[in-house]
Amino acid sequence: MALGLSSLFLRARGRNFDAETLKSLEEFSIPGRLQLLPSTPTIFLDVAHTPLSIKASYQASWEHQGAFPDAVMIGFNEDKEREAILSILVEHSSSFVVVPLPSQRSCSPQKLADAIRSIAEKQALFPTIFSFESLEEGWRFFEASSFQLGLVTGSFSLVGAVLEIVERS
């Protein structure tokens, strides 16, 4: 999307990207931002941590995978818009693995699990929720689970920690 907006901006001023710049921009990626892991089941990582970025993550999932994630590994800090973020996740996903972050500001897994249950009840939904006190335990469970499409999201520190675990494996 940013590439498209940049291109429109330049064209409006009578300019354009040269072919080499355009190719470089198309190949550019940020680790942890809509990053697809080479795994089965299919898992992608996204550092999305606001309602808007979570919506964009689900939209990208639909556009590139033809489906919304049915399983989500989530962890985020206390200062995030918990209800707004979880409402989006609960609307589209049926299974959650809730983990703590490697941060003093981490929302407890129990608090997140309770919030997911409360939001789901309001929407007459009944997701499966697995809560772990260790991020590594949660990841091992998530990675070994049977789902079609998984998403790890909610925090830069969560995605960074998962990337470190994956690199060590």
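Predicted model: local features only at pLDDT ≥ 70, side-chain atom pairs only at ≥ 80, totals over all residues.
Residues are numbered from 1 along each chain as its sequence is written, and side-chain values use heavy atoms, leaving out hydrogens and water. Local features need pLDDT of at least 70 and side-chain atom pairs count only at pLDDT 80 or more, while totals for chains, interfaces and linings use all residues.

**Exercise 1. Aromatic pairs**

Task: Classify the ring pairs Trp-62 with Phe-68 and Phe-132 with Phe-141.

Solution. 

Step 1. Recall the rule. Rings of Phe, Tyr and Trp (its six-membered ring) pair if their centres lie within 6.5 Å; planes under 30 degrees apart are stacked, over 60 edge-to-face, and the rest tilted. A search of the whole structure gives six aromatic pairs.

Step 2. Take Trp-62 and Phe-68. Their ring centres are 5.0 Å apart and their planes stand at 35 degrees, so this pair is tilted.

Step 3. Check accessibility. Buried means under 20% relative accessible area, exposed over 50%, partly exposed in between (1.4 Å probe, protein chains only). Trp-62 has 47%, so it is partly exposed. Phe-68 has 30% and is also partly exposed.

Step 4. Take Phe-132 and Phe-141. The centres are 5.2 Å apart and the planes are at 45 degrees, so this pair is tilted. Phe-132 is buried at 16%, whereas Phe-141 is partly exposed at 29%.

**Exercise 2. The faces of a helix**

Task: Where do the buried residues of α5 lie, seen down its axis?

Solution. 

Step 1. Locate the helix. Helices (H or I, at least four residues) and strands (E, at least two) are DSSP runs, numbered from the N terminus. Helix α5 covers residues 109-122.

Step 2. List the buried residues. They are Pro-109, Leu-112, Ala-113, Ala-115, Ile-116, Ile-119 and Ala-120.

Step 3. Look down the axis. The buried residues fall within an arc of 160 degrees (directions from the helix axis to the C-beta atoms), so they line one face of α5.

Step 4. Turn to the other face. Away from the buried side, α5 carries the exposed residues Glu-121 and Lys-122.

Note on methods
Expected span 1.5 Å × (residues − 1).
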